[in-house]
Amino acid sequence: MSRSAVGSTGDVTLLRKDPMPFGKWAGSMRDGSTPEADRIRVWADKGYQGAGRDLPGATLMIPQ
């Protein structure tokens, strides 16, 4: 869930601009030094493929 956006802004663009409103977790999602066990798992559809490089402290889960 994200803030509303005007026009046809893609979800992945919104994620890259402002990671979901997870408070303190937003910082750890951008921190590549976050240990694997502490990483936030983000479940997303195929529209988010490639977003993992923008969130190095998170584990992006895209179901098959």
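1. Let's start with a term you will need throughout: a residue is called buried when its relative accessible area is under 20%, exposed when it is over 50%, and partly exposed in between, using a 1.4 Å probe and protein chains only. Thr34 has 9% relative accessibility, so Thr34 counts as buried. Please keep that residue in mind, as we will come back to it.

2. A word on what you are looking at. This is a predicted model, in which local features need pLDDT of at least 70 and side-chain atom pairs count only at pLDDT 80 or more, while totals for chains, interfaces and linings use all residues. Residues are numbered from 1 along each chain as its sequence is written, and side-chain values use heavy atoms, with hydrogens and water left out.

3. How confident is the predictor? The score to read is pLDDT, the predictor's confidence in each residue, from 0 to 100. The protein chain has an average pLDDT of 79, and 86% of the residues score at least 70. Confidence is lowest in helix α1 (residues 11-17), with a mean of 75, and highest in strand β2 (residues 58-61), at 87.

4. Now the overall layout. The protein chain contains two helices and two strands, and their order along the sequence is α-α-β-β. Here helices (H or I, at least four residues) and strands (E, at least two) are DSSP runs, numbered from the N terminus.

5. Of the 64 residues in the protein chain, 28% are buried. The chain exposes about 4700 Å², with carbon and sulfur atoms supplying 54% of that area; accessible areas come from the Shrake-Rupley method with a 1.4 Å probe, and for residues only the protein chains shown count as cover. A contact means heavy atoms within 4.5 Å. Among contacts with a separation of 6 or more, 34% are between residues 24 or more positions apart.

6. Next, look for the nonpolar core, meaning a set of buried Ala, Val, Leu, Ile, Met, Phe, Trp, Tyr and Cys residues joined through side-chain atoms within 4.5 Å. The largest one has 10 residues: Val12, Leu15, Met29, Ile40, Val42, Ala44, Tyr48, Ala51, Leu55 and Ala58. The elements that give two or more residues to this core are α1 and β1. In soluble globular proteins, nonpolar side chains tend to be buried together.

7. A polar atom of the Thr34 side chain lies 3.0 Å from the backbone oxygen of Ser28. Beyond four places in sequence, Thr34 is in contact with Ser28, Arg39 and Gly57.

8. Arg39 belongs to the loop between α2 (24-30) and β1 (40-43). A polar atom of the Arg39 side chain is 3.0 Å from the backbone oxygen of Thr34. Not counting residues up to four places away in sequence, Arg39 touches Gly32, Thr34, Pro56, Gly57, Ala58 and Thr59.

9. How many salt bridges does a search of the whole structure find? The search finds one, where a salt bridge is a side-chain nitrogen of Lys or Arg within 4 Å of a carboxyl oxygen of Asp or Glu. The side chains of Arg39 and Glu36 form a salt bridge (3.9 Å, N to O). Side chains of opposite charge can pair when their charged atoms come close. Glu36 has 47% relative accessibility, so Glu36 counts as partly exposed.

10. Two other residues of the loop between α2 and β1 are worth a look: Asp31 and Gly32. Asp31 is partly exposed, with a relative accessible area of 36%, and Gly32 is partly exposed at 40%. The side chains of Asp31 and Ser33 are joined by a polar contact of 2.7 Å; such a contact is a pair of N or O atoms within 3.5 Å, where within protein one must be able to donate a hydrogen and the other to accept it, and residues adjacent in sequence count only if both atoms are side-chain atoms. Asp31 and Pro56 are 25 residues apart in sequence, and their C-alpha atoms are 6.1 Å apart in space. Leaving aside neighbours within four places in sequence, Asp31 is in contact with Pro56 and Gly57, while Gly32 is in contact with Arg39, Pro56 and Gly57.
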